[in-house]
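Thanks for coming, everyone. Please bring the structure up on your screens, and I will walk you through it.

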Amino acid sequence: MKIILHWIILSVAIWGTTKLIGGITVSPIWVALIVGACLTLFNMFLKPIINILTMPLNIITLGLFSLIVNGAVLWYLGNGVINGFSVKTFTAAVVGAFIVSLLNWLITKVFRFDL
C-alpha cells in the first residue's frame, strides 16, 4: 500500500512540476502516472546503490550531489524514454528534481502520510 501511495504522490509532484517549470512538459495527464511509476521503481531499487557509490561526492558537497543525480534521472526519462514526457535542458531537470522533491515532501507532510 505504501508503494502505491508513494507512486501517486510522485505522480502528483511530477504534474505540479510541469505547471511550475517551463522546460518540463507532460502531454497527456496520464503520462505523469508512468513517470511517477518509473521514479518510484528507481527510488526502490537503484537509488540505494547509487547513494552508496556517490557517497564521497555527497559528503564533499553536503548532499547536493544527490540533486544532480535526481536531475540526471529526470533528464534521462524526459529525453526519449517516455513518450509524452520531455525535459528540454539539464538545468530544467535539476530544478525540476528539486521541485519534485519539495512537492513530494510537502504533500507527505500536509496529508500526514507515514512513508
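**A cavity and a ring pair**

Let's start inside. Helix α2 gives the largest share of the lining of the largest cavity, 4 residues. Lining residues have an atom within 4 Å of a cavity point; a cavity is a set of points on a 1 Å grid, over the protein atoms alone, where a 1.4 Å probe fits but cannot get out.

Before going on, a word on the model. This is a predicted model, where local features need pLDDT of at least 70, side-chain atom pairs count only at pLDDT 80 or more, and totals for chains, interfaces and linings use all residues. Residues are numbered from 1 along each chain as its sequence is written, and side-chain values use heavy atoms, with hydrogens and water left out.

Back to the cavity. How many cavities of 30 Å³ or more does the structure hold? The count is 1. The largest cavity has about 30 Å³ of space, a volume being the space filled by probe spheres set on the grid points, which are joined across faces, edges and corners. Its lining consists of Phe 42, Lys 47, Ile 50, Asn 51, Ser 66, Val 69 and Asn 70. Two elements give two or more residues to that lining: α2 (31-53) and α4.

Now zoom out. The chain has 5 helices and 2 strands. Helices (H or I, at least four residues) and strands (E, at least two) are DSSP runs, numbered from the N terminus. Their order from the N terminus is α-β-α-α-α-β-α. The radius of gyration is 14 Å, close to the 13 Å that the globule rule gives for 115 residues, so the chain is as compact as a globular protein of that length. That radius is taken over C-alpha atoms, and the rule is 2.2 Å times the number of residues to the power 0.38.

Of the 115 residues, 37% count as buried. Buried means under 20% relative accessible area, exposed over 50%, partly exposed in between (1.4 Å probe, protein chains only).

Last stop: the rings. The structure holds 1 aromatic pair. Trp 75 and Phe 90 sit edge-to-face, 6.1 Å centre to centre, with 85° between the planes. Rings of Phe, Tyr and Trp (its six-membered ring) pair if their centres lie within 6.5 Å; planes under 30 degrees apart are stacked, over 60 edge-to-face, the rest tilted. The pair links helix α4 (residues 65-81), which holds Trp 75, to helix α5 (residues 90-110), which holds Phe 90. Trp 75 is partly exposed, at 37% relative accessibility. Phe 90 is partly exposed too, at 36%.

Terms used. 1 Å grid on protein atoms, 1.4 Å probe; cavity = no way out; pocket = protein on both sides within 12 Å on 5 of 7 lines; lining within 4 Å.
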